[in-house]
Amino acid sequence: MLATISLALEERDQTQGHGSRVAALAEPVARRLGWDEQRIAGLRFGAPLHDIGKITVRRALLRKTGPLTVSELAEIRVHPTAGAALIAPLRHARQALAYVLFHHESWDGSGYPFGLRGSSIPIEARLLSVADAFDAMTSSRPYRQSLPAGRAFAEIARCAGSQFDPTVAEAFLDVWVGYAAVAS
């Protein structure tokens, strides 16, 4: 049921495949970081659901082509807590809570919804935030065209230590920059 809701959301906000791409980007990095199979199974379950709270955000706002106003940005920023509220009552879905609730927290404390900093952010969310950002940058959105992978990799490197956990960002780049070079 949650997977169906997540897919419907991606249709609604025109990000088809985002959740599964984020999961696919994150899994090899999780392996590089030494995650065990149980934690990776949690990643496979939680990553596709990370934006489920956007189901509470107005469709027009999700598809807006111009810059967001302060109040619109505030509305978007509710999606992690809204998503957590949706899945928390479902016992089998609780393993997704860290992905849903904390994926917009930043290493330097400037993220949301709680302004967590450093290792107080669950590792699941620290990994997902890098994969989520990379997919967002390399996918077209209503408000901008996609970036080339090289520019997105550079942005991840630039934001390591501020937006992203530097260890996770380094592992992401180790895995994917090499892959991109071989695939080209």
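User: What is the basis of the numbering and the values?
Analyst: Residues are numbered from 1 along each chain as its sequence is written, and side-chain values use heavy atoms, with hydrogens and water left out. As the model is predicted, local features need pLDDT of at least 70 and side-chain atom pairs count only at pLDDT 80 or more, while totals for chains, interfaces and linings use all residues.

User: What makes Arg 21 and Asp 135 a salt bridge?
Analyst: The term requires a side-chain nitrogen of Lys or Arg within 4 Å of a carboxyl oxygen of Asp or Glu. For Arg 21 and Asp 135 the N to O distance is 2.6 Å, so the pair qualifies. Arg 21 lies in helix α2 (residues 18-32) and Asp 135 in helix α8 (residues 123-137), so the bridge ties together parts 114 residues apart in sequence. Helices here are DSSP runs (H or I, at least four residues), numbered from the N terminus. By the salt-bridge rule the count is 11.

User: Why is Asp 135 called buried?
Analyst: Buried means under 20% relative accessible area, exposed over 50%, and partly exposed in between (1.4 Å probe, protein chains only). Asp 135 has 3%, so it counts as buried. Arg 21, at 31%, counts as partly exposed.

User: How do you know that Glu 124 and Arg 39 meet in a salt bridge?
Analyst: Their N to O distance is 3.5 Å, so it falls within the cut-off. Glu 124 lies in helix α8 and Arg 39 in helix α3 (residues 37-46), so parts 85 residues apart in sequence are tied together. Glu 124 is buried at 17%, whereas Arg 39 is partly exposed at 36%.

User: Why are α2 and α3 called roughly antiparallel?
Analyst: Their axes cross at roughly 160° and come within 10 Å. Axes are lines fitted to C-alpha atoms, for helices over the stretch in contact, and angles run from 0 to 180 degrees between N-to-C directions. Angles over 145 degrees count as roughly antiparallel (under 35 roughly parallel, 65 to 115 roughly perpendicular, the rest oblique), so α2 and α3 are roughly antiparallel.

User: Which residues meet between α2 and α3?
Analyst: With contact meaning heavy atoms within 4.5 Å, Ala 26, Glu 27, Ala 30 and Arg 31 in α2 meet Glu 37, Ile 40, Leu 43 and Arg 44 in α3. Glu 27, Arg 31, Glu 37 and Arg 44 are also linked in a network of salt bridges.

Terms used
Helices (H or I, at least four residues) and strands (E, at least two) are DSSP runs, numbered from the N terminus.
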